[in-house]
Amino acid sequence: MSGALDGNAIAGTLRDVFGAEMTTAHGTCAGCGSRAPLAETVVYLRAPGVVVRCRSCTAVLVVLVTIRGTTCVDLGGLSELAGREP
Ligand SMILES: [Zn+2]
C-alpha cells in the first residue's frame with residue numbers, strides 16, 4: 001500500500017509520548033493476537049494523526065493525534081503493550 005511506513009517513522013513521537021524508546025516495545029494485536037515490536041508495525045502518517053496498523057491483520061492498533069501541541073494516544077487496538085525486551 002502506498003504511503004505506508006513502519007514504526008521507526010514515529011520513533012520520535014512515541015519517545016515524546018511515552019518518555020522511552022518504544023520501537024522495541026512489543027505490542028499484541030487485540031484482533032489476531034500477533035505480537036511484534038512496534039518498529040515492525042505498519043504506520044500511516046495522516047495529518048493531524050498517525051495510524052498504526054497490525055502487519056498481520058491490518059487492524060488499527062494505535063492512533064496518535066496531535067492537537068494544539070498535545071498528543072493524544074489511543075491504544076485500543078492493543079491487548080498488551082510490553083516494555084522493552086531485556
Ligand atoms: Zn492483528
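Buried here means under 20% relative accessible area, with a 1.4 Å probe and protein chains only. Strands are DSSP runs of E, at least two residues, and helices are runs of H or I, at least four, numbered from the N terminus.

This is a predicted model: local features need pLDDT of at least 70, side-chain atom pairs count only at pLDDT 80 or more, and totals for chains, interfaces and linings use all residues. Numbering starts from 1 along each chain as its sequence is written, and side-chain values use heavy atoms, with hydrogens and water left out.

I then checked β2 as a whole, residues 25-29. The strand is largely enclosed by the rest of the structure, because 5 of its 5 residues are buried.

Next I asked what β2 pairs with. Its partner is β3, residues 35-37, antiparallel over 3 bridges. Pairing requires at least two DSSP bridges between the strands. Thr28 stands opposite Arg35 of β3. The two strands form a hairpin with 5 residues between them. In that turn, Gly33 has a positive phi of about 80°.

I stepped back to the chain. I found 1 helix and 8 strands, in the order β-α-β-β-β-β-β-β-β from the N terminus. Buried residues make up 35% of the 86 residues. The C-alpha trace spans about 35 × 30 × 20 Å along its principal axes.

Last, I looked up contacts, meaning heavy atoms within 4.5 Å. Of those with a separation of 6 or more, 47% join residues 24 or more positions apart.

Conventions
Buried means under 20% relative accessible area, exposed over 50%, partly exposed in between (1.4 Å probe, protein chains only).
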